[in-house]
Each structure stands twice: as structure tokens, then as C-alpha cells.
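Hello,

Here is the structure we talked about handing over. Please open it and keep it beside you while you read the notes that follow.

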Amino acid sequence: MKDDFKPARRQFLMTGGAAIAMIPVVAFTGNALAATNPGMRASMKYQDTPSGDKDCTNCLQFVPGKTPKDLGGCKIFLGDTEVAPKGYCTAWVAIPKK
Ligand code: SF4
């Protein structure tokens with residue numbers, strides 16, 4: 001049986017196949033980037049709920065997400081992208097009044 005695939009065509013198909021195989025990886029990468037910092041969360045006793053009127057939205061360390069309800073980050077929780085706006089931890093610091 002004759003092999004119809006020429007090297008360039010074979011290489012193109014292999015590269016295309018690899019590119020197609022990468023699509024799910026790229027699609028999931030967005031979620032894979034979301035991460036927590038378990039060590040800091042534990043040491044600062046982080047919780048997803050406020051403590052009285054103290055929560056992440058009125059903390060100096062909070063880095064808001066795209067919208068006010070989206071998860072955000074925290075300046076002291078390095079790499080953590082899942083800090084709840086209504087979360088709280090013992091490192092809470094009031095935003096200075098202007
Ligand atoms: S220090 Fe604590 S309360 Fe302040 S934003 Fe970070 S996790 Fe929220």
C-alpha cells in the first residue's frame with residue numbers, strides 16, 4: 001500500500017492535531033489560574049463570611065474582582081484569586097477615611 005502522506009503534509013496534520021488537542025487545555029486554563037493560598041488563609045483564619053461590619057470590601061488589603069460581586073484577591077494572600085468580597089480574616093485593616 002502506498003503511503004499518501006508526504007512529510008510536509010504529515011507534519012502539518014500532526015501539528016494541527018496537537019493544536020486541536022490543546023484547545024481543552026487552554027479552555028480550562030482560565031479556571032486553573034484561579035487559586036487559593038491555603039497557608040495564609042489558615043494562618044489568618046480566613047472565612048467566606050463577614051465579621052460584623054468588617055469584610056474584604058472595606059479592607060485596605062482587598063483587590064476587587066471585575067465586578068463588585070466577583071471574587072478578588074488580597075495583597076497579603078499571594079497568588080490567591082478567590083477571596084470573597086464578603087470574606088474576612090484576622091489581618092483585616094480598615095480603609096483610611098479621606
Ligand atoms: S486581609 Fe483579610 S479581610 Fe482584608 S482583604 Fe485580605 S482576606 Fe479580606
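**What was found**

Lysine 45 sits in the loop that runs between α2 (38-43) and β1 (62-63). Its phi is near 50 degrees, a positive value in a residue that is not glycine. Lysine 45 counts as exposed because 11 other C-beta atoms lie within 10 Å, and the cut-off for exposed is 12 or fewer.

Before going further, note that this is a predicted model. The mean pLDDT of the chain is 82, and 68% of its residues reach 70 or more. Where pLDDT is low, the predicted coordinates should not be read in detail.

Now the chain as a whole. Its secondary structure comes to two helices and two strands, and along the sequence they follow the pattern α-α-β-β. Of the 98 residues in the chain, 16% are buried. Among contacts with a separation of 6 or more, 65% are between residues 24 or more positions apart.

Next, the ligand. Which residues are closest to it? They are Cys56, Cys59, Phe62, Cys74 and Cys89, out of 15 residues that surround the ligand. By type, this shell divides into 13 nonpolar residues, two polar and no charged.

The largest nonpolar core has ten residues: Tyr46, Cys56, Cys59, Phe62, Cys74, Phe77, Val83, Ala84, Tyr88 and Cys89. In soluble globular proteins, nonpolar side chains tend to be buried together. Phe62 is one of the core residues and is also listed among the residues closest to the ligand. Leaving aside neighbours within four places in sequence, phenylalanine 62 is in contact with Cys56, Thr57, Gly72, Cys74 and Val83.

Glycine 72, one of those contacts of phenylalanine 62, lies in the loop between β1 and β2. Is glycine 72 buried or exposed? Glycine 72 counts as buried because it has 20 C-beta neighbours inside 10 Å, and the cut-off for buried is 20 or more. Not counting residues up to four places away in sequence, glycine 72 touches Phe62, Val63, Pro64, Gly65, Val83 and Pro85. Glycine 72 and cysteine 56 are 16 residues apart along the chain, and their C-alpha atoms are separated by 9.2 Å.

Lysine 69 is in the loop between β1 and β2 (73-74). With 10 C-beta neighbours inside 10 Å, lysine 69 counts as exposed. From lysine 69 to threonine 57 the distance is 9.9 Å, C-alpha to C-alpha, and the two are twelve residues apart in sequence.

How many other C-beta atoms lie within 10 Å of glutamine 61? There are 17, so glutamine 61 is partly exposed. Glutamine 61 touches Cys74, Lys75, Ile76, Ala91 and Val93, with residues up to four places away in sequence not counted. The C-alpha atoms of glutamine 61 and isoleucine 95 are separated by 8.4 Å, although the two residues are 34 residues apart along the chain.

Regards

Methods:
Residues numbered from 1 in each chain as written. Predicted model: local features only at pLDDT ≥ 70, side-chain atom pairs only at ≥ 80, totals over all residues. Near = placed C-beta within 6 Å. Nonpolar A, V, L, I, M, F, W, Y, C, P; charged D, E, K, R; others polar. Helix = DSSP H or I, 4+ residues; strand = E, 2+ residues; numbered from the N terminus. Core = buried A, V, L, I, M, F, W, Y, C linked by C-beta atoms within 7 Å. Contact = placed C-beta atoms within 7 Å. pLDDT = per-residue confidence, 0-100.
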